[in-house]
Amino acid sequence: MNISVVPEILPVAEPPSVQTVVLPRPQSDAAAAITRGVRRMLAERGLRGLVEFPLANGRRADILALADDGEVTIVEVKSGPVDYKTDQKWPDYLDYCDRFFFAVDADFPVDLIPPDCGLIIADAFGAEIIRPSPLAKLAAARRKALTLRVAQVAMARLHRVEDP
């Protein structure tokens, strides 16, 4: 007895719709390249950072990074001299970090950067600290509040990736 089986033709299933999760990112490609390099360098040094971090004073830090010992670093990314000259909000960040840096590309005229601020030269692949930042320790209460806020923001961003 010869029984032939005819395969059933099933309709092609449409792939599930994929939602794009939008996370904060720098506004220009130049700033994004500098940010990427700085974050890579910070990670190599044991610091983990978030971009466009909202501070309690309403400002947004381009990069806020935490070290294992709780030290807080803020990096202000400048894509060029015009960006630096037109955006002078950086003093508002100083009350929220132990160390403060400007990060720029290799073509930036570094004499514009105040000498009492740290300086990082970066591109999309890495960065180097050219001038260290002076240490100005945060008060314990502010450090605790800021660290908790970092955790909340990071978890909210991760949640948006895991469950868009």
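Biologist: What share of the 164 residues in the protein is buried?

Modeller: Buried residues make up 37%. This is a predicted model, so the values are computed from predicted coordinates.

Biologist: What pattern does the protein follow along the sequence?

Modeller: The order is α-β-β-β-α-β-β-β-α. That gives three helices and six strands.

Biologist: How do you know that β4 and β5 pair?

Modeller: Two strands pair if DSSP finds at least two bridges between them. Strand β4 (residues 99–104) and strand β5 (residues 118–123) have four bridges, in the parallel sense.

Biologist: What makes β5 and β6 a pair, and in which sense?

Modeller: They share five bridges, against a requirement of at least two, so they pair. The sense is antiparallel. Leu119 has Arg131 in β6 as its bridge partner. A hairpin of two residues joins β5 to β6.

Biologist: Why is Glu52 called buried?

Modeller: Its relative accessible area is 17%. The limit is under 20%, so Glu52 counts as buried. Glu52 sits in strand β1 (residues 48–54).

Biologist: How many aromatic pairs does the structure hold?

Modeller: The structure holds six. One of them is Trp90 with Phe100.

Biologist: Why is the pair of Trp90 and Phe100 called stacked?

Modeller: The centres are 5.7 Å apart, and pairing needs them within 6.5 Å. The planes are 20° apart. Stacked means under 30 degrees, so the label holds. Trp90 lies in the loop between α2 (81–86) and β4, while Phe100 is in β4, so the pair ties together parts 10 residues apart in sequence.

Biologist: Are these two residues buried or exposed?

Modeller: Trp90 has a relative accessible area of 11%. Phe100 has 4%. Both values are under 20%, so both residues are buried.

Biologist: What makes the pair of Tyr93 and Phe100 tilted?

Modeller: The planes stand at 35°. Stacked needs under 30 degrees and edge-to-face over 60, so the pair is tilted. The centres are 6.5 Å apart. Both Tyr93 and Phe100 are buried.

Biologist: Which residues do ring pairs link into a cluster?

Modeller: The cluster holds Tyr84, Trp90, Tyr93, Phe100, Phe102 and Phe108.

Biologist: How do you know that Arg142 comes within reach of the ring of Tyr96?

Modeller: Arg142 lies over the face of Tyr96, at 4.3 Å from the ring centre. The limit is within 6 Å, so the distance passes.

Biologist: Which residues have the most contacts inside the largest nonpolar core?

Modeller: They are Phe53, Leu55, Leu64, Ile74, Phe100 and Leu146, in a core of 24 residues. At least two core residues come from each of β1, β2 (60–66), β3 (72–77), β4 and α3 (140–162). A second, separate core has 16 residues, including Leu42, Ala67, Val75 and Ala122.

Biologist: What does Ile74 touch, beyond four places away in sequence?

Modeller: Its contacts include Leu55, Leu64, Tyr93, Tyr96 and Phe100.

Biologist: What share of contacts between residues at least 6 apart joins residues at least 24 apart?

Modeller: That share is 57%.

How values were computed. Residues numbered from 1 in each chain as written. Predicted model: local features only at pLDDT ≥ 70, side-chain atom pairs only at ≥ 80, totals over all residues. Heavy atoms only, no water. Buried < 20%, exposed > 50% of the residue type's maximum accessible area, 1.4 Å probe, protein only. Lys NZ or Arg CZ within 6 Å of the ring centre and 35° of its normal. Core = buried A, V, L, I, M, F, W, Y, C linked by side-chain atoms within 4.5 Å. Contact = heavy atoms within 4.5 Å.
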